[in-house]
Amino acid sequence: MSVIEDRTTAELQIDGETVVFSPVETLLAVARRHRREVPTLCYDPRLDPFGGCRLCVVELEGVRNPVASCARAAEPGMVVRTHGEALDKHRKTLLEMVCSENRQIDVEPLSGYASQELAELADRYQARTGRFQGRQSGKSKQDDDNPFILRDYDQCISCYRCVRVCAEQEGDYAISVKNRGFDTQITVEFDGLLKDSSCTFCGQCVQTCPTGALADRKALRAVDLPGEVVKTRTICTYCGVGCSVDALTKGDKLVGIQPAMDGPANQGALCIKGQYAFDFVQHEDRLSTPLMRGDDGELHPASWDDALDRAAQGFLDARDKHGRHSVYAVASGRAPHEAAYTTQRFIRAGFWTNHIDNCSRA
Amino acid sequence: MSTPTNAELVARWKAEPAPLLPLLHAFHDRDGHLSDEALREVSAALRMPLADLFGTVSFYHHFARFPPGASAPRVCTGPVCRLLGGEELLDAMRKHGATPMACAGRCDEPVPVLTAHDVHVGLAADALERRPSPLPVPNPGGLPECVFESIREPGRATLDGYRRSGGYEALSAALGGSPDAVIDALKDSGLAGRGGAGFPTGVKWRAVADETRGPKTIVCNADEGEPGCFKDRVLMDHDPHAVLEGMALAGFATGAATGFIYLRYEYPETHAILERAIAEAEAAGMLGDAIGGTTFAFRIHVRRGAGAYICGEEGSLLNSLEGKHPFPRERPPFPVSHGYDDLPTVVNNVETLASVPPIVRRGGDWYRGLGLGDHAGTKLISLSGDIERPGNYEVPIGLPLRTLLHDWAGGAPGGRLIQAVTMAGISGGFLAGDDLEVTLDEPSVRAAHSMLGAGGIMVFDDTRDMVAVAHSCMEFFAHESCGKCFPCRIGTQRLTERLATAAGAAGPAQLGDWRAEVEDIGAVMKATSACGLGMAAPLVTESLLRYWPERVAAHVASRAT
């Protein structure tokens with residue numbers, strides 16, 4: 001039996017429909033590809049299957065209990081039901097139970113990319129019933145005053161997406177799980193502050209959190225600004241990787257950045273710079289026009305033509321006075337390939353020197 | 001002897017298999033707790049992220065992070081000890097820094113108090129003594145036994161004593177034949193997992209033997225954490241070589257050269273007994289390299305848990321051995337193909353493994369014939385609570401429960417009546433009324449909506465408040481829920497709150513709403529929990545509602561006022 005043969009012939013049944021799947025797919029992946037609305041809270045497609053929230057359970061013929069579709073590999077001949085009275089009841093009960101452990105269900109969308117997941121599911125399954133009242137889980141880390149990540153664990157539902165994204169995607173292993181059962185608490189080493197841990201403030205935990213327990217403190221500064229949040233797809237300007245991001249704006253103000261989960265270069269990943277270092281865009285100190293030093297010794301606004309002429313003359317003067325090796329260029333790591341290429345052409349062909357480098361080597 | 005340095009502790013364990021738990025224990029034993037410095041050392045030595053280590057250490061009840069730590073007494077407040085004064089003893093000992101612990105597997109002789117590596121038992125703070133765990137009484141029915149047949153012989157725990165009644169003959173004979181012959185004998189015997197899951201042992205060993213990946217591992221699940229279960233303890237304490245021989249036979253049959261015994265923290269004396277038995281067996285050439293002069297090599301390592309019931313679940317146990325956070329694993333894949341280090345692994349209960357040498361020596365048919373009717377073999381039952389003669393009994397599978405309770409164990413003391421029993425420790429919930437007519441086999445017990453499981457039976461007489469008993473059982477499940485899956489993590493907490501007796505405790509004041517919540521939580525836990533803990537816990541509330549609806553109604557009414 002060859003793998004290739006498997007790939008072309010593997011079939012299973014979902015809700016009575018015969019579908020084709022590839023051997024590496026989970027039941028959840030197959031179901032969603034065929035437009036079944038299977039709810040999840042602990043699932044992030046970038047992470048290893050976990051099977052914690054149990055909302056994705058489906059009925060599998062021949063198996064007594066429903067199985068977690070996120071963690072079950074699709075196999076030929078399986079007969080799967082993704083919906084039904086019993087499954088829907090279980091999902092509603094689970095969501096009612098989850099709702100009972102948090103301070104609030106609705107959270108500000110600026111909190112993070114996935115922050116609305118619980119609220120949306122609570123609505124879809126009409127789970128805001130107030131049943132199952134009792135002690136609430138999780139304790140917020142109010143003394144962590146870092147400027148990036150709000151740690152409001154009162155809102156935590158112990159899905160461990162933050163812990164897993166930190167380990168599996170970032171390789172930082174900064175976040176972990178303390179205690180067990182209902183006393184479970186997301187933490188870092190010795191219950192400390194993020195800045196004293198191995199956290200790099202990439203914000204990945206914030207963006208995968210389905211309840212806003214981890215939230216984007218910078219974006220939340222704009223809660224009271226008037227206007228709707230508009231998302232605009234763009235490319236991060238910081239380095240050559242080219243991470244896709246959504247710039248969040250209110251009116252003409254940039255208020256936050258979210259990683260694009262479908263970004264071809266990053267698939268949702270970002271670093272601290274791409275995630276949080278956007279204040280320069282609208283900073284009052286940012287130059288918005290070229291400046292040229294006048295005879296009075298002061299800087300004055302100038303046109304691009306004048307400024308470039310002045311710069312060119314400076315280069316030529318240096319070359320004439322000190323020779324062609326007096327010029328050295330360091331291309332920016334933030335520049336794309338085309339600009340880097342142009343820079344080295346400019347230096348090699350323009351000045352006849354090999355004094356060219358890139359800051360990414362540092 | 002001078003106190004070992006950090007570097008010496010690290011050097012002792014770093015290159016050993018499954019080093020995390022023993023290395024942590026080494027620091028814990030030396031300092032009495034796990035300091036920040038110790039965690040940093042272990043993290044660096046084993047290249048384990050500090051945050052993960054910090055979190056995982058907190059998972060285990062008995063790892064102390066601060067003084068007085070291990071030197072402070074822990075008093076059992078399990079369901080049986082609670083009946084017999086465990087909480088009063090705890091209160092009396094609080095001035096010595098005592099804290100509670102979940103059932104510590106000494107229900108036949110309460111109340112155990114664990115301090116560092118010592119267990120004392122007794123009912124009053126000034127009357128605690130160290131005693132070896134009680135031997136089973138001679139079979140009250142005069143019936144033939146398997147694992148208890150020779151356990152009462154003097155010196156049985158020593159190599160010489162073990163050999164006097166045929167010990168290691170099964171292994172010697174097996175080594176002269178083929179691994180398949182061992183597996184065939186097991187298949188013929190009908191032996192099934194005695195930890196409660198009941199999976200046919202021969203089929204499991206066949207699957208591991210057929211795996212082409214390796215190295216393979218044998219894991220003995222000695223994390224006997226189920227409240228009311230203390231059968232594995234008596235086997236290991238008084239017949240340790242039977243367990244070792246069973247493991248060696250498993251290694252020979254499946255092609256494994258390494259075995260682990262994952263022993264619960266609360267059995268420190270058992271740990272010493274096992275280590276001594278392993279050393280004896282190695283010196284005699286029955287473990288180690290070139291066993292019995294053949295090319296078969298097999299080594300056994302004891303790994304002590306640190307206080308987590310869930311580590312008796314095989315996925316959690318394997319994660320714990322590997323030094324990971326002890327959450328259960330998703331299944332499939334199963335340990336037979338993806339067990340320790342993701343490689344083929346046999347995970348068997350102590351009783352299962354101890355049954356193997358007699359079966360191999362005397363044949364599968366002999367063992368099969370020990371059961372009553374169509375049932376194969378025997379089962380150890382740990383009997384405790386309101387019963388005249390608590391202790392471990394080896395019963396033929398299919399024995400009527402009433403025969404055990406009344407004819408063998410003398411019924412409830414003081415002429416009282418037996419109101420209810422638990423099954424499977426507490427994981428099978430309660431049986432009462434006509435359901436006490438079950439026979440001790442899975443089909444019969446399951447027909448009564450319960451399960452035989454690991455074979456712990458706690459007895460409650462007619463003076464006991466079953467709502468309070470149910471609360472203490474559910475409190476245990478909530479305390480031990482690992483926190484991985486939502487239904488169990490939240491469900492055990494909510495059910496505990498609803499069984500609490502305090503006025504104004506969380507939960508609906510109307511009986512109908514109360515029942516609907518408890519039943520909905522139970523249904524979702526049974527159907528969707530990630531492992532057996534969450535699936536079993538609602539049997540407690542289910543059986544409570546089935547047998548004592550009027551008590552439940554009074555309970556809900558009393559909370560509303």
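How many residues of chain A are in contact with chain B, and how many of chain B with chain A? Let's look at this predicted model one view at a time.

**View 1. Where chain A meets chain B.** Here, 39 residues of chain A are in contact with 34 residues of chain B. On the chain A side, the elements that give two or more residues are α3 (85–100), β7 (175–178) and β8 (185–188). Of these, α3(A) gives the most, with 5 residues. Sorted by class, this side of chain A has 17 nonpolar, 15 polar and 7 charged residues.

**View 2. An open sheet in chain B.** Follow the 5 strands of this open sheet in the order β10-β9-β13-β11-β12 (chain B), and you will find mixed pairing. At the edges stand β10 (391–396) and β12 (430–432) of chain B; each has a single partner strand, so one side of each is left without a neighbour in the sheet. On average, neighbouring strands of this sheet are turned by 30° against each other, direction ignored.

**View 3. Two strands side by side.** Strands of a sheet pair through backbone hydrogen bonds, and they can do so in a parallel or an antiparallel way. In this close-up, β9 (residues 378–385) and β13 (residues 456–461) of chain B pair in the parallel sense over 4 bridges.

Technical notes
Residues are numbered from 1 along each chain as its sequence is written. Chains are lettered from A and ligands numbered from 1 in the order in which they are written. This is a predicted model: local features need pLDDT of at least 70, side-chain atom pairs count only at pLDDT 80 or more; totals for chains, interfaces and linings use all residues. Two residues are in contact if their C-beta atoms, placed from the backbone, lie within 7 Å. Ala, Val, Leu, Ile, Met, Phe, Trp, Tyr, Cys and Pro count as nonpolar, Asp, Glu, Lys and Arg as charged, and the others, Gly among them, as polar. Two strands pair if DSSP finds at least two bridges between them. Axes are lines fitted to C-alpha atoms, for helices over the stretch in contact, and angles run from 0 to 180 degrees between N-to-C directions.
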